[in-house]
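Hi there,

Here is the structure I promised to hand over. Have a look, and my notes follow below.

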Amino acid sequence: AMKIATSSIPREQLSKMLTNALDAKNPDHRIRIVRLYMQSERYPDAREELKQVIKDFPALEHLKDTVKELNQLSAQRFLKEI
């Protein structure tokens, strides 16, 4: 089996692969995808995924604060890279 760095896979493709591997209708599984992006420091991807999770599962509306945190983490990472 060949290993590929998740950082080199575009979000749309990785998201599709992960939702196929997990249960897309299970909010816990979807949150695991968000965490994976966060651990990989792919904050913009984590933010987009989380926004979609909140859209798909309105009961998770309280996670909107996390979307804001991910915006800040993205900005901090960007500044570090400059």
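Which residues in α3 are buried? They are Tyr-43, Asp-45, Ala-46, Arg-47, Glu-49, Leu-50, Val-53 and Ile-54, where buried means under 20% relative accessible area, exposed over 50%, and partly exposed in between (1.4 Å probe, protein chains only). Their cover includes α1 (11–21), α2 (27–39) and α4, with contact taken as heavy atoms within 4.5 Å.

A word on the source: this is a predicted model, so local features need pLDDT of at least 70, side-chain atom pairs count only at pLDDT 80 or more, and totals for chains, interfaces and linings use all residues. Residues are numbered from 1 along each chain as its sequence is written, and side-chain values use heavy atoms, leaving out hydrogens and water.

On confidence, the chain averages a pLDDT (the predictor's confidence in each residue, from 0 to 100) of 88, and 95% of the residues score at least 70. The mean is lowest in α1, at 83, and highest in α3, at 94.

Back to helix α3: residues 43–56 make 14 residues, with helices being DSSP runs (H or I, at least four residues) numbered from the N terminus. From first C-alpha to last, α3 reaches 20 Å, close to the 20 Å expected at 1.5 Å a residue; the expected span is 1.5 Å times one less than the number of residues.

Elsewhere, Ile-82 lies in the segment after α4 (64–81) and is exposed, with a relative accessible area of 70%. Ala-5, in the segment before α1, is partly exposed at 45%.

Best wishes

Note on methods
Helix = DSSP H or I, 4+ residues; strand = E, 2+ residues; numbered from the N terminus.
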